[in-house]
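Please read the points below with the model open beside you, and look up each residue as it is named.

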Amino acid sequence: MAAAVTRSADVSTAPFAAAATLPAGAPVHAHFTDRLWGASPEEAAAAFAELAARHPVSVTLHDVPQTSDGVRNRPRRAAAYRAVARAASGVVVNSHHERLLLAEEGVWDGATAVIPLPVDLRTDAAARPPADGAAAAEVGVLGYFYPGKGHDEALTAAREAGLAALVVLGRASDGHADDLAAFVARGRDAGVAVSVTGWLDDAAMAERCRSVGVPVIAHRHVSASGSLASWIGYGRRPIAVANRYVEEMAALRPGTLAVVEEAGLSAAVRDAAFDPSSTWHGRTDVPGGLADIAAAYVRWWDEGMP
């Protein structure tokens, strides 16, 4: 591991800050999502190309282009990701689902390593806090708010299950503050009180995620999900609406997700509220922890990629 660290730099939100200290030609590993690398997909791809002109850059692609990007942004994002994959010395995604998406979207069908997002399992993940009746009646959705993240599906499920509260654990994604305000209003009209925590530091996020009654994952479209990994890391067994990614993660980490079809979400939420113990996985170890994922990257680099 130390050897890999000394010979590469991890580049993400500030693509040139870390690499600027390295001699030209030194290998770099970057995490790429266009929204962090530029004001537009084209600008992001150009920034990556500039880095790749100075360094051999292996890359982990996040937020892979797909239908939910819309008719305007979908082809622009696909073109940007295509350019990044072609410029990279090696390509990683966090799921077999995403590897299929790259091919389905015409982005990349070359060699692609699959290294899952890690689960950082808390030392107290198997310990459950005392049951709280009010908390058990609250649905929680973790992560940035944006249309398609599953908040509306969770709201419908809460209403149909007879639960009176839903908490958005996070803040609005940039540009979606008005969408969040409209969602809060929809909750009020539906008789479900929607609260929004805003940004939380690590300790506060852990406390809230471990105290909420019914964790729900209901993404309409998903690339890979950091919020799914976070729920598991906090000891929770969220109710997750079935899709290709969710089913892959359920197979990777058995017992950590309660997978349901969308039509069964409301009933699953109702059952979980009556049986809060079902929302905890109780495991002290899961595949794909931080050390496992770090080792997978080191093996990939040491084997010369791709």
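**Notes on a predicted model**

1. Leaving aside residues up to four places away in sequence, Asp-292 touches Val-286 and Pro-287. Asp-292 and Leu-117 are 175 residues apart in sequence, and yet their C-alpha atoms are 10 Å apart in space.

2. Turning to the aromatic residues, a search of the whole structure finds six aromatic pairs. In one of them, the ring centres of Phe-32 and Phe-48 are 6.0 Å apart and the planes stand at 80°, so the pair is edge-to-face, since an angle over 60 degrees is counted that way. Phe-32 belongs to strand β2 (residues 28-32) and Phe-48 to helix α3 (residues 41-54), so this pair ties together parts that are 16 residues apart in sequence. Phe-32 counts as buried, at 0% relative accessibility, and Phe-48, also at 0%, counts as buried too.

3. A further pair joins Phe-145 and Phe-183, whose ring centres are 5.4 Å apart and whose planes meet at 45°, so the pair is tilted. Phe-145 lies in the loop between β6 (138-142) and α7 (151-160), while Phe-183 lies in helix α8 (residues 177-190), so that the pair links distant parts of the chain, 38 residues apart. Phe-145 is buried at 3% relative accessibility, and Phe-183 is buried at 0%.

4. Rings can also be linked in a group: ring pairs join Phe-32, Trp-37, Phe-48 and Tyr-81 into a cluster. Elsewhere in the notes on rings belongs Arg-236, whose charged end sits over the ring of Trp-280, 4.2 Å from the centre of that ring.

5. How do α3 and helix α4 pack, and at what angle? Helix α4 covers residues 70-87, and the two helices pack at an angle of about 5°, with their axes 8 Å apart. That angle makes α3 roughly parallel to α4, because angles under 35 degrees are counted so. On the side of α3 the contact is made by Pro-41, Glu-42, Ala-45, Phe-48 and Ala-52, and on the side of α4 by Arg-76, Arg-77, Ala-80, Ala-83, Val-84 and Ala-87. Of the residues in this contact, eight are nonpolar, three are charged and none is polar.

Note on methods. Residues numbered from 1 in each chain as written. Predicted model: local features only at pLDDT ≥ 70, side-chain atom pairs only at ≥ 80, totals over all residues. Heavy atoms only, no water. Phe/Tyr/Trp six-rings, centres within 6.5 Å; stacked < 30°, edge-to-face > 60°. Helix = DSSP H or I, 4+ residues; strand = E, 2+ residues; numbered from the N terminus. Buried < 20%, exposed > 50% of the residue type's maximum accessible area, 1.4 Å probe, protein only. Lys NZ or Arg CZ within 6 Å of the ring centre and 35° of its normal. Axes fitted to C-alpha atoms, helices over the stretch in contact; angles between N-to-C directions. Parallel < 35°, antiparallel > 145°, perpendicular 65-115°, else oblique. Contact = heavy atoms within 4.5 Å. Nonpolar A, V, L, I, M, F, W, Y, C, P; charged D, E, K, R; others polar.
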